[in-house]
Amino acid sequence: MRSVPTTSIDLTDPDVVADPYPHFAREREQHAVAWHEPSGMYLTFAHATVGQVQRDRRLGRLWADKEPLDYLEPFNLLHRNQMMENEPPAHTRLRRPVAKAFARGHIERLRPRVREIAGGLLADLDPAGFDIIEGYAEPLPVLVIADLLGVPRSYAHDLRDWSQAIVRMYEVAPSQQTVDDAVRAATDFAGLVRELVGERRTTPADDLITDLVATELTEDEVVAAVVLLLNAGHEASVNVFGNGLTAMLRRGLTPGADVPATVEEMLRFDSALQLFERTAMEDVEVGDIVVEEGQKIAALLGAANRDPEVFDQPDEFRVDRDPNNHLAFGVGVHFCLGAPLARMELAESLPALFETFPDLTLADEPVSRGTFVLRGYRSVPVRGTHA
């Protein structure tokens with residue numbers, strides 16, 4: 001009987017959280033997949049196995065309500081009814097009404113609005129020094145997705161706070177304080193969305209909430225969809241921007257002539273989402289091991305995106321890297337619905353920043369969020385001069 005490789009990597013270790021990539025590289029040299037006893041699941045470290053985990057329909061997203069059930073019902077309610085935590089046919093039914101809003105034509109119509117928001121935010125920044133996260137990377141995608149959905153801009157700060165509280169629950173070992181914060185955020189967030197849903201039933205508007213209200217989705221499903229879109233619709237953009245910009249500034253880089261290529265490298269180099277979990281619905285062979293029915297396996301996206309079998313000199317940041325077959329947005333049925341919007345926002349906001357502040361530099365050491373699963377910075381102090 002073939003022995004199962006194991007890994008003892010500590011995903012909560014401050015050194016791993018600060019820079020997981022050397023740890024991933026050491027693991028990848030030993031095994032593409034390994035059993036991780038602390039989390040009770042397999043971890044995948046190679047591009048091939050991470051891609052297989054995401055593509056194989058026998059490995060699904062199967063939501064299990066978190067306990068205690070009564071206390072965590074506000075959090076569970078938002079997740080059991082959202083597309084990301086379901087497999088077809090439920091996933092298809094939940095995703096279809098939303099997908100058309102993120103089609104290329106709809107996203108392109110938002111481009112002038114993104115430019116307008118970016119210009120207004122940049123005009124308010126002091127070139128002597130500012131936090132690029134607080135002043136630019138955070139508010140821009142929040143305002144864009146709020147406008148798309150039809151959430152009043154006055155709630156922008158609340159949306160960011162609620163989102164961060166909810167997504168901290170996805171970390172490896174959330175504290176009781178994290179749990180309490182997530183329950184409060186889920187309650188308040190859902191409460192606002194229910195109010196807006198009620199308003200759109202009587203007074204339709206030109207926004208996505210109105211469109212969703214007119215579908216066959218239940219109210220709980222509409223609320224879950226809106227919260228997911230508000231969370232996912234800006235979390236990736238904020239963290240990709242902060243992570244990628246920090247990497248560029250540390251190396252004295254500016255966007256290349258091919259801005260979309262630079263954006264793809266930002267997505268690859270320091271992935272905003274590091275871990276995505278699946279459950280085997282039957283026995284599935286992944287790499288050299290068999291994941292038995294009911295067992296869990298995690299795709300480590302950041303590890304895949306630094307695999308030297310796929311990327312030449314993967315630890316280098318290349319603004320013109322081509323090809324760039326990264327997995328930052330996932331693949332398969334759960335490919336990120338908001339990927340076109342995130343790419344467009346980054347392609348507009350990144351050059352706008354450097355056009356306004358061509359001599360942009362780090363003013364101090366960036367402050368990490370201190371989280372592994374959703375990787376990003378709490379603040380990135382910079383300084384620059386106006387063009």
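Predicted model: local features only at pLDDT ≥ 70, side-chain atom pairs only at ≥ 80, totals over all residues.

Q: Which residues of α9 and α10 make the contact?
A: On the α9 side they are L159, W162, S163, A165 and I166. On the α10 side you have T178, D181, A182, A185, A186, D188, F189 and L192. Sorted by class, the contact of α9 with α10 has nine nonpolar, two polar and two charged residues.

Q: And what angle do the axes of α9 and α10 cross at?
A: Roughly 135°, and the axes come within 8 Å. That angle makes α9 oblique to α10.

Q: Why give an angle and a distance for packed helices?
A: Because that's how two packed helices are described: by the angle between their axes and the distance between the axes.

Q: Ok, how do α9 and α12 pack?
A: At an angle of about 90°, with the axes 10 Å apart. So α9 is roughly perpendicular to α12.

Q: Which residues meet there, between α9 and α12?
A: From α9 it's L159, R160, S163, Q164, I166 and V167. They meet V227, L230, N231, H234, E235, V238 and N239 in α12. The residues of this contact of α9 with α12 divide into six nonpolar, five polar and two charged.

Q: Switching to α8: how many of its residues are buried?
A: 10 of the 11 residues in α8, which covers residues 139–149, are buried, so the helix is largely enclosed by the rest of the structure. Among the buried ones are P139, L140, P141 and V142.

Q: How do the axes of α8 and α12 cross?
A: They come within 9 Å and cross at roughly 155°. Angles over 145 degrees count as roughly antiparallel, so α8 is roughly antiparallel to α12. The crossing of α8 and α12 is right-handed.

Q: Which residues make the contact of α8 with α12?
A: P141, V142, I145, A146 and L149 come from α8, and V226, L229, L230, G233, H234, S237 and V238 come from α12. By class, the contact of α8 with α12 has nine nonpolar, three polar and no charged residues.

Q: What follows α8?
A: G150, whose phi is positive, near 100°.

Q: New topic. How many residues are in the largest nonpolar core?
A: It has 93 residues, and F102, I132, Y136 and L353 have the most contacts inside it. Helix α12 gives the most to this core, with 15 residues.

Q: What does I132 touch?
A: Leaving out residues up to four places away in sequence, I132 touches A137, F241, L245, L353, V380 and V382.

Key. Residues numbered from 1 in each chain as written. Heavy atoms only, no water. Axes fitted to C-alpha atoms, helices over the stretch in contact; angles between N-to-C directions. Helix = DSSP H or I, 4+ residues; strand = E, 2+ residues; numbered from the N terminus. Parallel < 35°, antiparallel > 145°, perpendicular 65-115°, else oblique. Contact = heavy atoms within 4.5 Å. Nonpolar A, V, L, I, M, F, W, Y, C, P; charged D, E, K, R; others polar. Core = buried A, V, L, I, M, F, W, Y, C linked by side-chain atoms within 4.5 Å. Buried < 20%, exposed > 50% of the residue type's maximum accessible area, 1.4 Å probe, protein only. Left-handed = near helix turned anticlockwise from the far one by under 90°.
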